[in-house]
Amino acid sequence: MPLYEYHCKKCDHSFEFLVRLSEPPTCPQCGASGQDLEKLLSAPVAHSKSNSQPAPKACPMASGPSCSSCPMGS
């Protein structure tokens, strides 16, 4: 079951929701659902085996067609 982030347009609350097929997401603050909710784009978290290396940063140009010109490298 995927975990998604949502923003409620009705009460301006952002929250995470564990999505199940039989249960649509609802705002825990005001109870809004459906078109009142906007699914947010989330960056995945990278975990490393040791604490000596920092986790990689999300690419600021990830929405572009190619990473060949990315300032963070490929």
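Contact here means heavy atoms within 4.5 Å. On that basis, residues 24 or more positions apart account for 26% of the contacts in the chain with a separation of 6 or more. The model is predicted: local features need pLDDT of at least 70, side-chain atom pairs count only at pLDDT 80 or more, and totals for chains, interfaces and linings use all residues. Residues are numbered from 1 along each chain as its sequence is written, and side-chain values use heavy atoms, with hydrogens and water left out.

**View 1. The whole chain follows the pattern β-β-β.** The secondary structure comprises zero helices and three strands; helices (H or I, at least four residues) and strands (E, at least two) are DSSP runs, numbered from the N terminus. Of the 74 residues, 15% are buried, where buried means under 20% relative accessible area, exposed over 50% and partly exposed in between (1.4 Å probe, protein chains only). The accessible surface of the chain is about 6,300 Å², and carbon and sulfur atoms hold 53% of this area, as computed by the Shrake-Rupley method with a 1.4 Å probe.

**View 2. Three strands form an open antiparallel sheet in the order S2-S1-S3.** Strands S2 (14-18) and S3 (37-39) stand at the edges, each with a single partner strand, so one side of each lacks a neighbour in the sheet. Neighbouring strands are turned by 40° against each other on average, direction ignored; the axes are lines fitted to C-alpha atoms. Two strands pair if DSSP finds at least two bridges between them.

**View 3. Strands S1 and S2 form a hairpin with five residues between the strands.** Five bridges join these antiparallel strands, and His7 stands opposite Ser14 in S2. Within the hairpin, Asp12 takes a positive phi near 65°.

**View 4. Strand S1 (residues 3-8) also pairs with S3, in the antiparallel sense.** Three bridges connect the two strands. Tyr6 has Lys39 of S3 as its bridge partner. Lys39 also lies over the face of Tyr4, at 4.0 Å from the ring centre; a charge sits over a ring if NZ of Lys or CZ of Arg is within 6 Å of the ring centre and within 35 degrees of the ring normal.

**View 5. One aromatic pair is found in a search of the whole structure.** Tyr6 and Phe15 are stacked, at 5.9 Å centre to centre and 25° between the planes. Rings of Phe, Tyr and Trp (its six-membered ring) pair if their centres lie within 6.5 Å; planes under 30 degrees apart count as stacked, over 60 as edge-to-face and the rest as tilted. Tyr6 is buried, with a relative accessible area of 7%, and Phe15 is buried at 8%.

Terms used:
Axes are lines fitted to C-alpha atoms, for helices over the stretch in contact, and angles run from 0 to 180 degrees between N-to-C directions.
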